[in-house]
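Subject: Structure handover

Hello,

I am passing the structure on to you. My notes on what turned up follow below it.

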Amino acid sequence: MTIKIIMDTDPGIDDAAALTMAINDPQIDLALVTSVAGNVTVDKTTKNAQKIVRFFNADVPVAAGAQQPLIKEFEDAARIHGESGMPGYDFPEDLPKPLDMTAVEALHKYIMESDENITLVPTGSYTNIALLFSEYPEVKTKIDRIVAMGGSLGMGNMTSAAEFNVFTDPDAAKIMYQSGGVPIVMIGLDITMKALLTPESLTKLEHMNEAGKMLHDIISNDGDKSEAGSAMHDVNTIFYLLHPEAITTKDMWIDVITDGPAIGETVGDIRGAYHDGKTNAKVAVDIDAAAFNKWFLEEVSQIKD
């Protein structure tokens, strides 16, 4: 049985790795990719999504999305992902054209016309999701759940309080978490900074196959790494979909700070003290990092050149 998903993304190195898994795993049916401004500008994130789709000759449509956050001034992460967003590998240039509709229009169309409910997997800012829910609230009845990379219960990676995806468009994140009616899983820094792709795993990728070489080359250019390994934040969404048993979650209420020095912070009601026992998200709090590395290598090894 497959899981039908739509990825809303801002490639980005780890987004590219997540797209690789979503395109190639037989248990995932990737129906649509929508782009958003985030790691780099939306023209680049759209092109990068097209590059991954073209690399695998996948029959997956791509639609270009929001160029900027709802209210906040746009600030990219080119210092981490490079000016192009996916440096280090020469991708084909004969790219498929994006759909002749906006990401929000495409999301509405593909969700409403689907013969089964869709899982939304946003791995960039949530601007497109917020616009979708504001313009077409009826789509909520056709969404199975949202598995979103972003947020943190502790320290951020953009500021001391905020994780990058939420910081990029906190107003959109607030709309998404307060939307109601759609289950949300928050895949945040609490696990993505534990499940690093180790240097040993990265070395194995290079000689595995052409997909492995591509991932090795772009991940080697990732600024989000340490001696312990490279943070593959967005890939954890796909890992969760396929192996939820390897990730521990806790139900809680998530609030999003939209101004002031803590802008972009996701505040979890960890003690259940402030919302009358209500929750609006399953929050990932722990992960089997060894299982993540093993799975990552197995997924790539099965991709045929």
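This is a predicted model: local features need pLDDT of at least 70, side-chain atom pairs count only at pLDDT 80 or more; totals for chains, interfaces and linings use all residues.

On the E4 side, Ile 6 has Leu 120 as its bridge partner. On the E2 side, Asp 8 has Thr 34 as its bridge partner. E1 is mostly covered, with 7 of its 7 residues buried. Ile 3, Ile 5, Met 7 and Thr 9 point one way from the strand, while Lys 4, Ile 6 and Asp 8 point the other way.

Next, the pocket. The largest pocket has a volume of about 250 Å³. Its lining is made up of 21 residues, and those nearest its centre are His 81, Asn 157, Phe 164, Asp 224 and His 233. By class, the lining has 7 nonpolar, 6 polar and 8 charged residues. Helix H1 (13-24), helix H3 (78-81) and helix H6 (164-168) each supply at least two residues of that lining; the largest share, 3 residues, comes from H3.

Asp 76 is in the loop between E3 and H3. Is Asp 76 buried or partly exposed? Its relative accessibility is 29%, so Asp 76 counts as partly exposed. The side chain of Asp 76 reaches the backbone nitrogen of Ala 78 at 3.2 Å. Beyond its neighbours within four places in sequence, Asp 76 is in contact with Gly 38, Asn 39, Val 40 and Phe 164. Phe 164 was listed above among the residues nearest the centre of the largest pocket. For a sense of distance, Asp 76 and Val 182 are 106 residues apart in sequence and 28 Å apart in space, C-alpha to C-alpha.

Ser 179 sits in another loop, between helix H7 (170-177) and strand E6 (184-187). With a relative accessibility of 16%, Ser 179 counts as buried, because the cut-off for buried is under 20%. A polar atom of the Ser 179 side chain lies 2.7 Å from the backbone oxygen of Met 176. Leaving aside neighbours within four places in sequence, the contacts of Ser 179 are Phe 133 and Lys 140.

Last, helix H10 (residues 210-219). This helix is mostly covered, as 8 of its 10 residues are buried. The buried residues are Ala 211, Gly 212, Met 214, Leu 215, His 216, Asp 217, Ile 218 and Ile 219. What do the buried residues of H10 pack against? They pack against H1, helix H2 (42-55), strand E7 (196-197), helix H9 (199-206), strand E9 (229-231) and helix H12 (289-301). H1 is also one of the helices that supply at least two residues of the pocket lining. The N-terminal end of H10 is capped by Asn 209, with a side-chain oxygen of Asn 209 lying 3.4 Å from the backbone nitrogen of Ala 211.

Regards

Key. Residues are numbered from 1 along each chain as its sequence is written. Side-chain values use heavy atoms; hydrogens and water are left out. On a 1 Å grid over the protein atoms alone, a cavity is a set of points where a 1.4 Å probe fits but cannot get out, and a pocket is an open set with protein on both sides within 12 Å along at least five of seven lines; lining residues have an atom within 4 Å of a point. Grid points are joined across faces, edges and corners, and a volume is the space filled by probe spheres set on the points. Helices (H or I, at least four residues) and strands (E, at least two) are DSSP runs, numbered from the N terminus. Ala, Val, Leu, Ile, Met, Phe, Trp, Tyr, Cys and Pro count as nonpolar, Asp, Glu, Lys and Arg as charged, and the others, Gly among them, as polar. Buried means under 20% relative accessible area, exposed over 50%, partly exposed in between (1.4 Å probe, protein chains only). A polar contact is a pair of N or O atoms within 3.5 Å; within protein, one must be able to donate a hydrogen and the other to accept it, and residues adjacent in sequence count only if both atoms are side-chain atoms. Contact means heavy atoms within 4.5 Å. Two strands pair if DSSP finds at least two bridges between them.
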